[in-house]
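Please open the structure in a viewer and keep the selection panel at hand.

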Amino acid sequence: MSVSDSILPGKVPAHVAVIMDGNGRWAQMRDLPRQQGHMEGVKAVRRIAKAACKIGIRYLTLYAFSTENWGRPKEEVSALMALLVSCLHDEMPLFMDNGIRLRVIGQADVFLPEVRAALDAALEKTAGNTRMDLVLALSYSARWELIECAKNLARLAKAGQLDPETIDGSVIGNSLTTSFMPDPDLLIRTSGEYRISNFLLWQIAYSELFFSPVLWPDFTEEMFYAAIADYQKRDRRFGKISSSKTMLSTIKE
Ligand code: IPE
Ligand code: IPE
Ligand code: MG
């Protein structure tokens, strides 16, 4: 029996976010240039996007390039940008055959015109697809996003279009780049690192966390399904008490 058979169809997380980490180490372990690891990482993206579609995940957010990643050597950044452009072209059949709509969160205006053009074309081509949104976090960092949100709300307040007293969680949530989707139910990080690295800080307040020791290029469908099955066993209390305990106390009363 495959792990995917143990997934309960009624409890599939609506939104899974992934910190895809470990491409560089995967390559270094094989005496290959880091870029080779990123190329292998693309194959994992393909596998996991298909797997997510197959079990009915509605939103899959992938951390592909952080604001801080601009600080890597120029050759690595250029190779990553070139890989992104070729991927957007090569993976179009995957997006169209599986009903995948591509979305991007992050600081769009910092990309070179050819990267921006490839992104815009892919966003437009897939705009009518409705099975799953594949959200790429590109030049993204949560602190950048929160700073932008604060600036936008302050501008509205200054212009008299927003009463500061009405600012609540939903006003902030609606001002973030992720406003079109629910918060992640599950956050997966590969490569054995136990940190968030400036990803979706606001949105993961109540996400379930899953850390895998496996490097991203080695992450398989079965490992992904195992993470989902693990998530399905968890009791999400959101600060309250579990529904089974509530029932027990009702019986005792
Ligand atoms: C993740 O893999 C991909 C990106 C950050 C672009 P890394 O490149 O961070 O790989 P490691 O962590 O150095 O092994
Ligand atoms: C996080 O990985 C960013 C992405 C996966 C795109 P990093 O490798 O950049 O993060 P750190 O340096 O381990 O925190
Ligand atoms: Mg890394």
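Which residues are around ligand 2? Select Ile19, Met20, Asp21, Tyr63, Ala64, Phe65, Ser66, Asn69, Arg72, Arg189, Arg195 and Ser197 to display them. A residue belongs to such a group if one of its heavy atoms lies within 4 Å of the molecule.

Before continuing, please note that this is a predicted model, in which local features need pLDDT of at least 70 and side-chain atom pairs count only at pLDDT 80 or more, while totals for chains, interfaces and linings use all residues. Residues are numbered from 1 along each chain as its sequence is written, chains are lettered from A and ligands numbered from 1 in the order in which they are written, and side-chain values use heavy atoms, with hydrogens and water left out.

**First stop: ligand 2**

Keep the shell around ligand 2 selected and consider its composition: five residues are nonpolar, three polar and four charged. In this division, Ala, Val, Leu, Ile, Met, Phe, Trp, Tyr, Cys and Pro count as nonpolar, Asp, Glu, Lys and Arg as charged, and the others, Gly among them, as polar. Strand S2, residues 59-66, gives the most to this shell, with four residues. Helices (H or I, at least four residues) and strands (E, at least two) are DSSP runs, numbered from the N terminus.

Next, display the polar contacts, that is, pairs of N or O atoms within 3.5 Å; within protein, one atom must be able to donate a hydrogen and the other to accept it, and residues adjacent in sequence count only if both atoms are side-chain atoms. The side chain of Asp21 has an N or O atom 3.2 Å from an oxygen atom of ligand 2. For Asn69, a polar side-chain atom is 2.9 Å from an oxygen atom of ligand 2, and for Arg72 the corresponding distance is 3.3 Å. On its own, ligand 2 has 390 Å² of accessible area, of which the protein covers 78%. Accessible areas come from the Shrake-Rupley method with a 1.4 Å probe; for residues, only the protein chains shown count as cover.

**Second stop: ligand 1**

Now select ligand 1 together with the residues around it: Met20, Asp21, Gly22, Asn23, Gly24, Arg25, Arg34, His38, Ala64, Asn69, Arg72 and Leu80. Three of the residues in this shell are nonpolar, five polar and four charged. Which helix gives the most to the shell around ligand 1? It is H1, with three residues.

A polar backbone atom of Asn23 is 3.2 Å from an oxygen atom of ligand 1. An N or O atom in the side chain of Arg34 is 3.0 Å from an oxygen atom of ligand 1, and one in the side chain of Arg72 is 2.7 Å from an oxygen atom of ligand 1. The protein buries 87% of the 380 Å² that ligand 1 exposes when taken alone.

Select Thr190, which lies in the loop between S5 and S6. Is Thr190 buried or exposed? Thr190 is buried, with a relative accessible area of 0%. Buried means under 20% relative accessible area, exposed over 50%, and partly exposed in between (1.4 Å probe, protein chains only). A polar atom of the Thr190 side chain lies 2.8 Å from the backbone oxygen of Asp21.

Move on to Asn198, in the loop between strand S5 (186-189) and strand S6 (208-211). Most residues other than glycine have a negative phi. Asn198, however, has a positive phi of about 65 degrees although it is not a glycine. Asn198 counts as buried, at 15% relative accessibility. Leu200 is found in the loop between S5 and S6 as well, and its phi is also positive, near 45 degrees. Leu200 is buried, with a relative accessible area of 1%.

**Last stop: Glu76 and Asp5**

Select Glu76 in helix H3, residues 74-90. Glu76 is buried, with a relative accessible area of 5%. Finally, select Asp5, in the segment before strand S1 (15-19). Asp5 counts as exposed, at 52% relative accessibility.
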